[in-house]
Amino acid sequence: MCGIVGYIGHREAYPVIIQGLERLEYRGYDSAGIALYDGDNLKVSKTKGKVEDLKSRVDKEITSSGSIGIGHTRWATHGVPNDINSHPHVSNSGNLVIIHNGIIENYDPLRQELINRGYTFSSDTDTEVLVNLIEDVKKNEDVRLGKAVQIALNQTIGAYAIAVFDKTKPNEIVVARLGSPLAIGVGDDEFFIASDATPFIEYTNNAIYLEDGEMAVVRSHKKLKIRKIKDDSLVDPYIQELQLNLEQIEKGGYDHFMIKEIYEQPDAITDTFRGRMLVDQGIVRMAGIDDNIEKFLNARRIIIVACGTSWHAGLVAEYIFEEFARIPVEVEYASEFRYRNPVIYKDDVVIAISQSGETADTMAAIKLAKKQGAFVFGVCNVVGSSISRETHAGAYTHAGPEIGVASTKAFTTQITILTLIALKLAKHKGELSNSEFRAYLQELERIPAKVTEALKCNEQAEHVAAQYKDAHNALYLGRGYNFPVALEGALKLKEISYIHAEGYPAAEMKHGPIALIDEQMPVVVIAMRKGHYEKVVSNIEEIKARSGKIIGIVTQGDKEVKKLADHVIEIPETLEPFTPLLATIPLQLLSYHIAVMLGKNVDQPRNLAKSVTVE
């Protein structure tokens with residue numbers, strides 16, 4: 001979950017790399033570092049803290065940067081965050097320098113072997129082991145850096161995206177990936193290296209995404225060469241044109257990326273169904289489904305694998321698929337699915353959901369499902385991501401870049417795409433009449449405008465936040481389609497405010513959580529007029545009888561909950577299956593404002609990173 005950046009070409013390297021690190025800081029922000037070669041000397045500067053701290057240190061330690069360098073922003077795995085464990089790491093000779101995203105699982109035996117050979121280590125990281133292993137191979141095998149990297153990586157177990165530089169061969173950077181993402185921006189006589197394309201989008205819109213098990217030797221003024229790590233065979237590079245612009249990755253006048261992305265949801269939902277949902281014709285057109293329609297129609301069941309917010313979107317999809325298409329659905333944590341020895345049938349369809357398309361556990365679940373013969377369909381946001389390449393077919397959400405670590409528009413766009421799939425399958429199976437199908441499409445088309453209306457509750461959400469910002473615990477309750485929304489609301493509060501919160505099905509409150517309720521406990525209840533409204537009102541009565549503080553998320557015009565709740569936030573009315581797309585909006589805003597009032601770093605919450613590319 002670290003971010004890596006590199007540059008080789010005709011520009012001054014430092015501004016390119018430091019700006020790239022700032023854009024990748026959502027991937028890790030407990031320490032940062034940079035290595036620059038000025039034509040004579042290799043200069044390394046690194047520090048615990050954020051990229052801003054690194055900039056202050058570089059200003060004192062480095063006077064010239066040259067036109068080649070690498071940089072890193074870290075989310076710690078091996079070794080606590082401190083200056084020594086920060087990347088880059090330098091080999092014992094001082095010739096090789098490396099940055100690394102991932103985990104080398106067999107680093108300890110490799111470390112012991114290197115110690116026996118006379119190597120010393122100053123850090124607790126697996127990465128320092130790797131750079132010295134590469135040096136040892138280079139010295140003993142008498143090979144160039146590229147070959148040494150290849151041989152060393154064939155001795156390692158784990159995941160990595162790396163960039164390695166050798167000051168004795170100062171015209172190239174060697175990069176490689178397995179399980180962690182790596183993109184190469186292709187410019188005019190220059191190359192950019194990064195965990196994703198955001199660091200180099202203003203310099204080039206051409207990029208190569210390395211596949212798992214590939215490495216490249218990157219030299220300015222020369223053609224890029226890509227090889228397989230395992231057998232050294234050459235690979236023809238595939239250059240993609242990026243569908244990304246600089247404006248999308250800037251804050252655009254907002255205080256934080258998270259609030260910007262909350263307000264982008266009407267457009268993001270529209271972009272997700274644009275060109276796919278043809279309301280006037282009564283058609284849902286999706287190539288990934290159309291080309292594999294029999295796989296879905298004949299599926300024994302659908303298994304959804306995901307993590308975090310994407311798992312919550314999968315839970316909503318379970319309700320939608322079973323209601324519309326009448327196909328049984330199981331929703332699995334990818335991290336458990338991959339290790340559980342699950343029963344997978346060849347006529348199962350596995351839907352893997354991931355905003356980044358790089359989630360390590362979800363990738364492993366995909367590979368397991370494919371090995372067992374299942375058809376795997378990916379739902380992700382990032383074009384060219386690992387999951388989009390590993391699955392048999394898939395659909396992009398078109399949410400645009402999501403920089404804030406706490407997902408917002410990813411959740412609503414994932415639900416949107418999964419709803420389109422469920423409606424399409426229901427129509428093919430005859431589970432919905434033409435009139436019912438059109439009615440659902442028409443209402444889904446109105447959802448972006450209703451999200452815009454729901455966003456008008458921002459000031460009210462801020463007012464409610466001020467009342468409960470000092471709470472130590474919170475409960476979120478929902479039923480039916482909105483039980484997963486309760487889980488997601490609780491997760492948002494935990495992620496960015498560090499207030500303990502739990503989501504429950506409202507009826508389960510009586511089976512334990514009710515013991516927690518007192519006058520200090522805020523309880524957020526999603527009480528839409530559609531669905532199990534009377535039952536939820538009864539649950540609210542039970543909370544009220546125990547002096548709990550009730551925050552009701554209700555349909556416009558609600559009267560019953562208003563009589564009982566301490567606060568209500570109204571959202572527009574919609575069909576029951578679409579209520580999660582609206583009910584989640586005030587929960588996102590509530591969490592955001594509480595975190596801001598508590599002085600938390602909303603976009604970069606502690607201990608978290610945007611894309612979980614390691615176990």
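In what order do the 8 strands of the open sheet stand, and is the pairing parallel or antiparallel?

## Basis of the model

This is a predicted model, in which local features need pLDDT of at least 70 and side-chain atom pairs count only at pLDDT 80 or more, while totals for chains, interfaces and linings use all residues. Residues are numbered from 1 along each chain as its sequence is written, and side-chain values use heavy atoms, with hydrogens and water left out.

## The sheet

The order is 3-2-4-1-10-9-11-15, and the pairing is antiparallel; strands (E, at least two residues) and helices (H or I, at least four) are DSSP runs numbered from the N terminus, and two strands pair if DSSP finds at least two bridges between them. Strand 3 (42–48) and strand 15 (240–241) stand at the edges with a single partner strand each, so one side of each is left without a neighbour in the sheet.

Helix 1 (residues 13–24) packs on the sheet, touching strand 1 (3–8), strand 2 (31–37), strand 4 (68–74) and strand 10 (191–194), where contact means heavy atoms within 4.5 Å. Helix 2 (residues 51–61) also packs on the sheet, touching strand 2, strand 3 and strand 4, and its direction makes about 140° with that of strand 3; such angles run from 0 to 180 degrees between N-to-C directions, with axes fitted to C-alpha atoms, for helices over the stretch in contact.

## Helix 7 and helix 15

Q265, P266, I269, T270 and F273 in helix 7 meet L444, E445, I447, P448, V451 and T452 in helix 15.
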